[in-house]
Amino acid sequence: MGLLDLATAPLRAVFRSAEREAESAFPVRDLEEVESRVLSTAEAIRHATESIEAHVAVLETLATSIGPLTDVVAELTRQLAEINRVLGPVATAERDVSRIEHLFGRRKRTLSSPDEPASPAAQ
């Protein structure tokens with residue numbers, strides 16, 4: 001042992017004692033577990049942040065498409081109103097023709113298949 005070893009021996013003993021006390025108070029395994037949990041929590045936060053950013057991008061796209069969609073729906077409503085206006089008289093004419101057919105007792109005849117003989121009423 002050298003002169004320097006004799007001088008540092010008490011200091012080393014104090015450090016070893018402090019290290020043992022620190023290790024007993026904070027076991028290395030517990031510190032590793034805490035570190036692992038902190039890292040996994042940070043990773044979960046990062047994934048959640050990325051997911052939120054993706055949702056925000058989708059919502060921004062939705063928000064920008066609402067205006068044009070509203071315009072298209074308004075135009076479609078206008079066109080349907082025009083179609084309704086044009087076809088209104090046609091529906092009225094069809095109703096009138098149906099009433100006239102009913103007045104004259106016109107009934108639709110059922111066609112028989114070639115294998116079946118014609119019914120006596122149809123002859």
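Which side chains meet in a salt bridge with Glu43, and at what N to O distance? I looked up the pair and found that the side chain of Glu43 meets that of Arg46 at 2.4 Å, N to O. I applied the salt-bridge criterion of a side-chain nitrogen of Lys or Arg within 4 Å of a carboxyl oxygen of Asp or Glu.

**Basis of the entries**

I note that this is a predicted model, in which local features need pLDDT of at least 70 and side-chain atom pairs count only at pLDDT 80 or more, while totals for chains, interfaces and linings use all residues. Residues are numbered from 1 along each chain as its sequence is written, and side-chain values use heavy atoms, with hydrogens and water left out.

**Entry: the chain**

I recorded two helices and zero strands for the protein chain. Both terms refer to DSSP runs numbered from the N terminus: helices are H or I with at least four residues, and strands are E with at least two. I then checked burial, and of the 123 residues 0% count as buried. The classes are buried under 20% relative accessible area, exposed over 50%, and partly exposed in between, with a 1.4 Å probe and protein chains only. The accessible surface of the chain comes to about 11,600 Å², and carbon and sulfur atoms hold 64% of it. These areas come from the Shrake-Rupley method with a 1.4 Å probe; for residues, only the protein chains shown count as cover.

**Entry: salt bridges**

Returning to Glu43 and Arg46, I found both in helix 2, three residues apart, about one turn of the helix. Arg46 also forms a salt bridge with Glu50, where the closest N and O atoms are 2.6 Å apart. Glu50 and Arg46 are separated by about one helical turn because they are four residues apart in helix 2. I noted relative accessible areas of 33% for Glu43, 38% for Arg46 and 39% for Glu50.

I also looked up Glu75, which forms a salt bridge with Arg78, the closest N and O atoms being 2.5 Å apart. Glu75 and Arg78 lie in helix 2, three residues apart. Glu75 is partly exposed at 32%, and Arg78 is partly exposed at 48%.

**Entry: nonpolar patch**

Which residues make the nonpolar surface patch of about 520 Å²? I listed Leu76, Leu80, Ile83, Val86, Leu87 and Val90. Patches are made of residues with over 30% relative accessible area and no salt bridge; like charges are joined within 9 Å, and nonpolar side chains (Val, Leu, Ile, Met, Phe, Trp, Tyr) within 5 Å. I placed Ile83 in helix 2, residues 28-103. Ile83 counts as partly exposed because its relative accessibility is 45%.
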